[in-house]
Amino acid sequence: MNQKLLLRLVISAVVIILASCSAPATPPQPIQPSTATQAIPPTATRPAVPATPVTDTFIIAHAQDLTALDPHQSTSSADVNYQFNVFDTLVIRGPDMKLQPNVATEWKAINDTTWQFKLRKDVKFHNGEPLNANAVKFTFDRELDPNEKALTASAVNIISKVDVVDDYTVNIITKSPDPLLPARLAFYGGSLIPPKYWKEIGGAQAFAKKPVGSGPYKFVEYVKDDRLVLERNDDYWGTKPAWKRLIFRPIPETAARVAALTNGEVDLIVAVPPDQIDAINNSGKARIEGALYAGFYAYVVNVKVKPLDNKFIRQAISTAIDRKAIVEKLWRGRGAIPSGAYPLTDITGFDKSDPPLEYNPEKAKQLLKQAGYNNEEIFIEAPTNYIANDKPLTEALVSMLKNVGINAKADLMEFSVRQQRLRDKQVKGMMLGNPTSALFDPDGMIWRLSQPDAFYDLGRWNPDWDKLMTETRAITDEAKRNAGYKAANKMFVEDMPWIVVIEPEQLWGIGNAYTWKARPDELIRVVEIKIK
Amino acid sequence: MGEGGVTKPMARFILLRLIRTFVTVWGVITAVFFILRLSGDPVSLLLPPFATRAEQEALRVQLGLDQSIFVQYLFFIVNALRGDLGDSLYRREPALGLVLERLPATLELALISFALAVVVAIPLGIVASLRPRSLQDHVASIITLIGQAAPTFWIGIMLILVFSVTLNWLPTSGRGDIRQLIMPSVTLGAYAMASIARLTRMSMLEVLRNDYIRVARAKGLKEQAVILQHAVKNAAIPVITVMGLQFGILLSGAVVTETIFAWPGIGRLAIQSIYNRDYPVVQATVVVTALIFVLINLVVDLLYTVLDPRIRLSK
């Protein structure tokens, strides 16, 4: 009996562990992962159902639950959407991704390392406490206090200190010249918190149970893995949202999430994989909204392993990829082909006149010959069930590379194993990633992720690039900054340290009763959603 | 079974069981502890992608993950003995609390599924056994075949397609309303139902061949009495063993079902925590699940003695 029991227990433990290899689940990520498993067939044959009746509650279904109600303790997509409906930031991006005043009415650099922000005088937290210069100082002091262990600290750690000039003016001093500071404050890490309430309630732990912000919605209730309930802040200083209640629900399974939308149970869903576009658009109840991803899907090359240390091999790989076919077939036309190191959505750096990355199998073969390629094995590594099409993309790539005579091999793994490989620089060949940044500037994505010591740094490939990027990031003048980045992109395309493949559209499904424009930074601000 | 003689061996039996339980849970948790840490990295999952290696190292130190695995294990065991299973790396609150919070949802789902499975399976198995190879037997065997062969996630998604998307009768997911309980419990119970029904049929067929059944019939007892009083009771022992096992399988099946139907139970918590490498939460889930398993086994063993006094508790 005892042996049998032990066996049962071990089996059940192993089942739980093995389940991690097969069951579709979603790790918390800054980017919405999608678990494209079971496709629901298009429902075109069904008669159109009348649009969802508009109620006083708006329901958003994410793929994951929230992980933290403390706005400085998470960067996962569901949490960031919560942050941007409950809290305010100094600066915010409009639907066009241009920076707009929010709590700060204006800002300017008063010297190389000091940005001055003037605040609105009519902003109050949900507890009635005024949002003033003191609250701004308190927010960043708290976030950067090592004892607070804030996970968003790395988004604002360029700040050295905050000075209160008067009740409604603050100076934010940076460690080095930083033209991007206002942009940094417009994303996670920028959520402002109430100092008086914070102290009254007794700090982070208690605050996370009953969070108070100054945004368009107030916190009501949170039931783990089930729902987050928010209520409209009728005293909100800005545009008031159309719904009295806003509910977040986690629905991890893609098919169930899509069904909940077409069924009218929820109003907006995130992380729709491309194979569900028709099912949603043909439902008669909801439609797809897409926005180009503020980043791209790229394979980060380990430039220290043979034969990938040879740039001609890397060029050959890039030239062998039929990106147009990938956009058309895997993403149903919803995506674009990048031209180098910067996504098309970048406001600075990206140059429209640069040609998209080239596909030319004959040239690829020639480059291989030139590099003296000797049929060495090249590993194409990717996590599965992490981002839309991660597995099919990798498989497609392997066959395209084989077509020009590259001995490519797919190596697929669980997401957290991928993270470990990147951390330990144990990437055998090249690893799929979905680098992105909400700064819309090369400093936000390519440089932050590939600079020495960064997560995607798998070895330096060109000291000139490092020098040029370091110099350019401190330039405040827009034209000079653009020129620097343009030169850097030429180097990048020549060296190909990342094999950039596609800038896909991120997809959402929304009920037909509403109008909404999806944002490249993937935020869902309910004040931007309107009833038709 | 004399009333006076039962207590002492029973007490000894339970005590022995408790000691074994302790050893078993320790073995399982040790295996899980080391297997979990073989691959994956919670720190790079926690921090934003642009966090530097230095920032990652700092968090690693803060979470105690910089220590050698054996030191971590030692700390874990010492704390576990004091009833402290650690804090979730993500939620920064006690892992055991997170599991216990979700336990009612899983138990609710498992119990309802189980009840549903048993209520359907036993009559189905009996009916099938009464006329082997008849139409009713074939129909029953087709039903059980589907229940055993169809993967849980497939059943779940098909139910959503039919009852939520097409017919719009039931909500797709969530917990709270009784209507939200229907599809998950059918999905989860399908496999157990099929297994129990098949075993009931087999066990009944075996019992019905016995001489005492023939004697009972020869005595002129009504067929109904023969089946219900003599056959079913004797056929029940293997069925109860399997039911105990099936309940355990239900708990692991909850992983898939809870994910499909967004049911806030420990299965979903477990899978999410494995993905996130939230070690303390996975460990707490395993401890709690293991204890439930042990408890079920204990109940099954005690039930044996009630059903068949010939079975002794000693070994």
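This report covers the fold of chain B, its interface with chain A, a surface patch and some local features of chain A in a predicted model.

## Chain B

Chain B contains twelve helices and zero strands. Along the principal axes, the C-alpha atoms of chain B occupy a box of roughly 85 × 60 × 30 Å.

## Interface of chain B and chain A

On the chain B side 65 residues take part in the contact, and on the chain A side 71 residues do. About 6,400 Å² is buried between chain B and chain A, and 60% of this area lies on carbon and sulfur atoms. Three residues, B:F50, B:R53 and B:Y275, account for 14% of the area that chain B buries against chain A, more than any other three residues.

Six salt bridges are found across the interface of chain B and chain A. Side chains of opposite charge can pair when their charged atoms come close. A salt bridge joins A:D225 and B:R102, with 2.9 Å between the closest N and O atoms. The interface of chain B and chain A also has twelve residue pairs in polar contact, both residues being at pLDDT 80 or more.

Several helices of chain B each supply at least two residues to the side that touches chain A: α1 (3-36), α2 (42-46), α3 (53-62), α5 (95-130), α7 (152-166), α10 (223-260), α11 (266-276) and α12 (279-307). Sorted by class, this side of chain B holds 33 nonpolar, 17 polar and 15 charged residues.

## Nonpolar surface patch on chain B

A nonpolar patch on the surface is formed by B:L15, B:I19, B:F22, B:V23, B:W26 and B:L81. Together these residues have about 670 Å² of accessible area. Helix α1 of chain B gives the most to the patch, with five residues. B:W26, one of the patch residues, is located in helix α1 of chain B. Helix α1 (3-36) is also among the helices that supply at least two residues to the side of chain B touching chain A.

## Salt bridges in the whole structure

Over all chains, the structure has 48 salt bridges. One salt bridge pairs the side chains of A:R245 and A:E231, at 3.8 Å from N to O. This pair connects distant parts of the chain, 14 residues apart: A:R245 is in strand β10 (residues 245-250) of chain A, and A:E231 is in strand β9 (residues 227-232) of chain A.

## Backbone features in chain A loops

Two backbone features of chain A concern loop residues. The peptide bond from A:K306 to A:P307 is cis, and its omega is near -5°. A:P307 sits in the loop between β13 (297-301) and α10 (311-319) of chain A.

A:M97 is a residue other than glycine with a positive phi, near 70°. The loop between β2 (91-93) and β3 (99-101) of chain A holds A:M97.

Key: Residues are numbered from 1 along each chain as its sequence is written. Chains are lettered from A and ligands numbered from 1 in the order in which they are written. Side-chain values use heavy atoms; hydrogens and water are left out. Contact means heavy atoms within 4.5 Å. Buried area is the accessible area (1.4 Å probe) that two parts lose on being put together, summed over both. A salt bridge is a side-chain nitrogen of Lys or Arg within 4 Å of a carboxyl oxygen of Asp or Glu. A polar contact is a pair of N or O atoms within 3.5 Å; within protein, one must be able to donate a hydrogen and the other to accept it, and residues adjacent in sequence count only if both atoms are side-chain atoms. Helices (H or I, at least four residues) and strands (E, at least two) are DSSP runs, numbered from the N terminus. Ala, Val, Leu, Ile, Met, Phe, Trp, Tyr, Cys and Pro count as nonpolar, Asp, Glu, Lys and Arg as charged, and the others, Gly among them, as polar. Patches are made of residues with over 30% relative accessible area and no salt bridge: like charges are joined within 9 Å, nonpolar side chains (Val, Leu, Ile, Met, Phe, Trp, Tyr) within 5 Å. Accessible areas come from the Shrake-Rupley method with a 1.4 Å probe; for residues, only the protein chains shown count as cover.
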